Amino acid sequence: MLKVQSLGGYIHEYQKSVTQPEIFWDRIAESFHWKKKWDKTVEWEFKTPDVKWFVNGKLNITENIFERNLFTLGDAPAIIWEANEPGEASVTLTYNALFEKVCTFANALKAKGIKKGDRVIIYMPMVPEAAVAMLACARIGAIHSVVFAGFSSSALADRCNDCQAKMVITSDGNFRGTKSIPVKAVVDEALETTTSIESVIVLERTKIDVSLKEGRDFWWHDVVANASSECPAEIMDSEDPLFILYTSGSTGKPKGVVHTCGGYMVYTQYSFLNVFQYAPGDVYWCTADVGWITGHSYIVYGPLLSGATTLMFEGVPTYPNAGRFWEVIDKHKVNQFYTAPTAIRALQAFGLEPLEPYKLDSLKVIGSVGEPINEEAWHWYHTHIGKGNCPLVDTWWQTETGGIMVSALAGITPNKPAHASLPLPGIQPIIVDPDGNEITGNNVQGNLCIKYPWPSMIRTTYGDHDRCKQEYFSTYEGLYFTGDGAKRDHDGYIRILGRVDDVINVSGHRMGTAEVENAINEHPLVVESAVVGYPHDIKGQGIYAYVICDMENRSEASLVNEIRQTVTQIIGPIAKPDAIQIVSGLPKTRSGKIMRRILRKVAEKDISNLGDTSTLLNPDVVDEIIKGAGL
Ligand code: PRX
């Protein structure tokens, strides 16, 4: 009923979703289980902004995963878990088993004083308990905020403090390829500077020694030991927050994107079913981490709301060798496979040999997310993984959009290399010129905005609604601005051109240049820094940092090393600059603004068209920077 079945069906649904959006969304929302039906489908204005979906509706998202599905799906696999070590047995949790774990853990949370509206940080490896923790929070109305387990203790502490979380759920350690990461030790360090955390629940995973602070820290297995496996679902308003997820923007501080219960539920299931064309009995695998929005919407909520079997993988694509993804696909007979261009490019670099032992004949759909997929990687993925006959869905969306916005629907609408292609029904993207005027027609290019609300859109940035307004709704009046540039080609398909703001996308991870600069500037000898992105063969974009330092007789090499360490400590290894160039000055306009355009060109090793530099405050510095870059 929710699934579009043909190209004609898509065109019809799309038309209806634009001309009669309320009727369109009502029909989709009616397939869910509501404790009380909504009074109004949508109320919105993009000025403040103020957006409400399914107004006054009451529901619990976990009832829609469990109670709604159990009658038919109780014994069906909900989560298949594949461990980091190929030799470790995989685990399958049926819907019944997952439900029992969620309710038991929800009771354990309650026993530790967690109530509706409290914030709970989840800082965990890719184990089923991460999903259990998220769903247990949702069951009792606590607001989860998952922090990617690769973030440093200081990044974790900032997030705990920003949302004044009461609890951290974590593990002793984390297996990643050949590494074993001491996760709890990072939490301990973070908790030295947090102001609101009252308790910590620790899952035993790697069995390393950890210290548990009396009265504050508890083992997961102890807190669930005597907890009941029955837990009634808390009744939530459609617009009650479901979770907060921190993401980078153009300012130095990550912001807490808030998603709410009703709209997020409706849109994640709708988009999951339609983009991947999931059919009952299929095994679906998304390789993202639950610490990112892709993990939230398309490992946990979208698939489980659909009664799907979702595979969770603890490890990395290259351990024990570059055939691991392909081995897992054959082992579990994966039907839909969803990954990031950076993983594709990294695996492509190993050639075809790692693929040889595997058939990959279970695959029906392959997908891409997180950054633009270049044509070469698209063709390699389509030919060698999809064997030329799986639709490749290039899905464009963002933490703020909650769900996939522009993408082919597998096998239904055409896919075109490197093009996200067409909007999903209900989504109204437009391309605008610098003044915010819509550019219609084909073969046009500009900035990508959305002109009508959709159910899973960002509602606010936690604790600072004005920031939400400034970041997304102020650039162009009456529009949500995505921060991306886009082109509509001669066939009317959308191609995403990448960020047009000070955000870079490194291996599909979003990073604010200001955030990295702030971290670099924490080094005591750094005077000033400027960070830009540059094209990187595997990562999509790399991080290039220009740094002015007080050298104090230190060698450049040791300083560069220390600066890298500083960034790892403040944000995490994902933000470590790929290139650091020590400079004596930065090119600045007379008003003191750094000319990033010049720095970008040098980082790209293209100095052919630097433009007029004579108006700079310090034109000589440009030559010095070019020389320093070895150009
Ligand atoms: O620039 C776009 C890029 O990733 C940004 C969103 O990042 P994040 O919030 O971390 O979410 C990533 C996963 C949804 C976007 O503004 N992006 C995401 N998907 C694509 C993409 N760029 C091009 N093509 C895509 N398919």
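The buried residues of helix H5 are Tyr 95, Leu 98, Phe 99, Val 102, Cys 103, Thr 104, Phe 105, Ala 106, Asn 107, Ala 108 and Leu 109, where buried means under 20% relative accessible area, exposed over 50% and partly exposed in between, with a 1.4 Å probe and protein chains only. The structure is a predicted model, in which local features need pLDDT of at least 70 and side-chain atom pairs count only at pLDDT 80 or more, while totals for chains, interfaces and linings use all residues. Residues are numbered from 1 along each chain as its sequence is written, and side-chain values use heavy atoms, with hydrogens and water left out.

Helix H5 covers residues 95-111, 17 residues in total. From its first C-alpha to its last it reaches 24 Å, close to the 24 Å expected at 1.5 Å a residue; the expected span is 1.5 Å times one less than the number of residues. Just after H5 comes Gly 113, with a positive phi of about 90 degrees.

The chain holds 19 helices and 30 strands; helices (H or I, at least four residues) and strands (E, at least two) are DSSP runs, numbered from the N terminus. The chain is as compact as a globular protein of its length, because its radius of gyration of 24 Å is close to the 25 Å that the globule rule gives for 631 residues. That radius is taken over C-alpha atoms, and the rule is 2.2 Å times the number of residues to the power 0.38. Along its principal axes, the C-alpha trace spans about 75 × 65 × 55 Å.

Of the 631 residues, 61% count as buried. Among contacts (heavy atoms within 4.5 Å) between residues at least 6 apart in sequence, 71% join residues at least 24 apart. The chain has 59 positive and 75 negative side chains, with Lys and Arg counted as positive, Asp and Glu as negative, and His and the chain ends not counted. The centres of the two sets lie 3 Å apart, the place of a charge being NZ of Lys, CZ of Arg, CG of Asp or CD of Glu.

Leaving aside neighbours within four places in sequence, Ile 80 is in contact with Val 91, Thr 92, Val 283, Thr 309, Thr 310, Leu 311, Met 312 and His 332. The C-alpha atoms of Ile 80 and Ala 106 are separated by 21 Å, and the two residues are 26 apart along the chain.

Some backbone details also deserve a look. Most residues other than glycine have a negative phi, and most peptide bonds are trans. The peptide bond from Thr 48 to Pro 49 is cis, with omega near -10 degrees, and Pro 49 sits in the loop between strands S1 (40-45) and S2 (50-55). Tyr 319 and Pro 320 are likewise joined by a cis peptide bond, with omega about 0 degrees; Pro 320 belongs to the loop between strand S17 (309-313) and helix H12 (324-332).

Lys 387 has a positive phi, near 50 degrees, in the loop between helix H14 (375-385) and strand S20 (392-395). At 41% relative accessibility, Lys 387 counts as partly exposed. For Lys 605, phi is positive and near 60 degrees; this lysine lies in the loop between helices H18 (596-603) and H19 (620-628) and counts as exposed, at 56% relative accessibility.
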